[in-house]
Amino acid sequence: MKKLTLASTILAALSLSACSTSSMPKIDSNFGSLDNDDDGYISKVEADDDNIWEHFSNIDTNMDEQISRKEFNSYMQLNTGKVASDTEVADSAFKADIAKFDPIENDFSSLDNDRNGFISISEANDDDIANHFGYMDTNQDKRISQQEFIGYIQTYGSDVAEDEALEMIKNS
Ligand SMILES: [Ca+2]
Ligand SMILES: [Ca+2]
Ligand SMILES: [Ca+2]
Ligand SMILES: [Ca+2]
C-alpha cells in the first residue's frame, strides 16, 4: 500500500514537470537545417522528426502552422539557455545565419518582376535572395513590401546587401 502511494506520487510529479519548458527535449538544430525546402518557414512536416516538434505550438505564435524565422528567433531569445542545447543556436542564430547568405545585389524595383509592389517568394527565388525572405517579411504575409525591404537593408547594411541595394537606401 505504502509502495503504491509512493509510485503514484512520483508519477504525479513527473507528469507535472512534463508541462514545463525545462523538461522538453532541447532544440539542437538551427533554422536553416530544419527548413528543408528553403522557403523561409519550418512546416509541421519539416519539424515533426526533430526535437523542435515538442516546441512547435509554443513557437508558432500566430498559429499558421509554420514557424517563421522571426518566430524561431524570438522563441530562442526569450528562452535563452533553456530550450536549445547549442548556445550558438540560442544566442545569435540570427546574425550567424544572415552573414552566410548570398548578399542582396539588386534594388527593390528590379526584384519586383511583375511590378505589383511586392517581392513574392518566387521572385525572391529567381534572384537567390530566398534565404533573406523570412527575415525581411516582418509582418509575415509572405511577400516583401518596399518598406520591409528597405528596413531590412537599413538594419543590416553591408552584411546583407551589395552596391546596388545599398545605393537604393541612400536615395530613398
Ligand atoms: Ca520550409
Ligand atoms: Ca507561424
Ligand atoms: Ca511582385
Ligand atoms: Ca510582408
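Me: Which residues is aspartate 112 in contact with, leaving aside its neighbours within four places in sequence?

Reply: In this predicted model, aspartate 112 is in contact with Gly117, Phe118, Ile119 and Glu123. To place it on the chain, look at the loop between helix H7 (108-111) and strand E3 (118-120).

Me: Does aspartate 112 count as buried or exposed, and why?

Reply: The general idea is to count C-beta atoms around a residue: 20 or more others within 10 Å make it buried. Aspartate 112 has 20 C-beta neighbours inside 10 Å, so it counts as buried.

Me: How far is the C-alpha atom of aspartate 112 from that of glutamine 146?

Reply: These two residues are 34 places apart along the chain, and their C-alpha atoms are separated by 9.4 Å.

Me: How do I read two packed helices, and what is the case for H10 and H11?

Reply: Two packed helices are described by the angle between their axes and the distance between the axes. Here, the axes of helix H10 (residues 146-156) and helix H11 (residues 163-171) come within 10 Å and cross at roughly 105°. The two helices are therefore roughly perpendicular to each other. From H10, Ile150, Ile153 and Gln154 meet Ala165, Leu166 and Ile169 of H11. The residues of this contact are five nonpolar, one polar and no charged.

Me: What is the phi of aspartate 128, and where is this residue?

Reply: Aspartate 128 has a positive phi of about 65°, although it is not a glycine. You will find it in the loop between helix H8 (121-126) and helix H9 (130-136). With 13 other C-beta atoms within 10 Å, aspartate 128 is partly exposed.

Me: And what is the phi of lysine 142?

Reply: Lysine 142 also is a residue other than glycine with a positive phi, near 65°. Its place is in the loop between H9 and strand E4 (143-145). Lysine 142 counts as partly exposed because it has 17 C-beta neighbours inside 10 Å.

Me: Where does UniProt place the EF-hand domain feature?

Reply: The UniProt record, an unreviewed entry, places "domain: EF-hand" at residues 47-82 and 124-159. Over residues 47-82 the chain is 42% helix and 8% strand, with end C-alpha atoms 19 Å apart. Over residues 124-159 it is 58% helix and 8% strand, and the end C-alpha atoms are 18 Å apart.

Me: What is the mean pLDDT of the protein, and where does pLDDT stay under 50?

Reply: Where pLDDT is low, the predicted coordinates should not be read in detail. The mean for this protein is 83, and 81% of its residues reach 70 or more. Over residues 15-19 pLDDT stays under 50, and the model has two contacts beyond four places in sequence for them.

How values were computed
Residues are numbered from 1 along each chain as its sequence is written. Chains are lettered from A and ligands numbered from 1 in the order in which they are written. This is a predicted model: local features need pLDDT of at least 70, side-chain atom pairs count only at pLDDT 80 or more; totals for chains, interfaces and linings use all residues. UniProt positions are given in the numbering used here, feature names are shortened, and annotations may be inferred rather than shown by experiment. Helices (H or I, at least four residues) and strands (E, at least two) are DSSP runs, numbered from the N terminus. Axes are lines fitted to C-alpha atoms, for helices over the stretch in contact, and angles run from 0 to 180 degrees between N-to-C directions. Angles under 35 degrees count as roughly parallel, over 145 as roughly antiparallel, 65 to 115 as roughly perpendicular and the rest as oblique. Two residues are in contact if their C-beta atoms, placed from the backbone, lie within 7 Å. Ala, Val, Leu, Ile, Met, Phe, Trp, Tyr, Cys and Pro count as nonpolar, Asp, Glu, Lys and Arg as charged, and the others, Gly among them, as polar. pLDDT is the predictor's confidence in each residue, from 0 to 100. A residue is buried if 20 or more other C-beta atoms lie within 10 Å of its own, exposed if 12 or fewer, and partly exposed in between; C-beta atoms are placed from the backbone.
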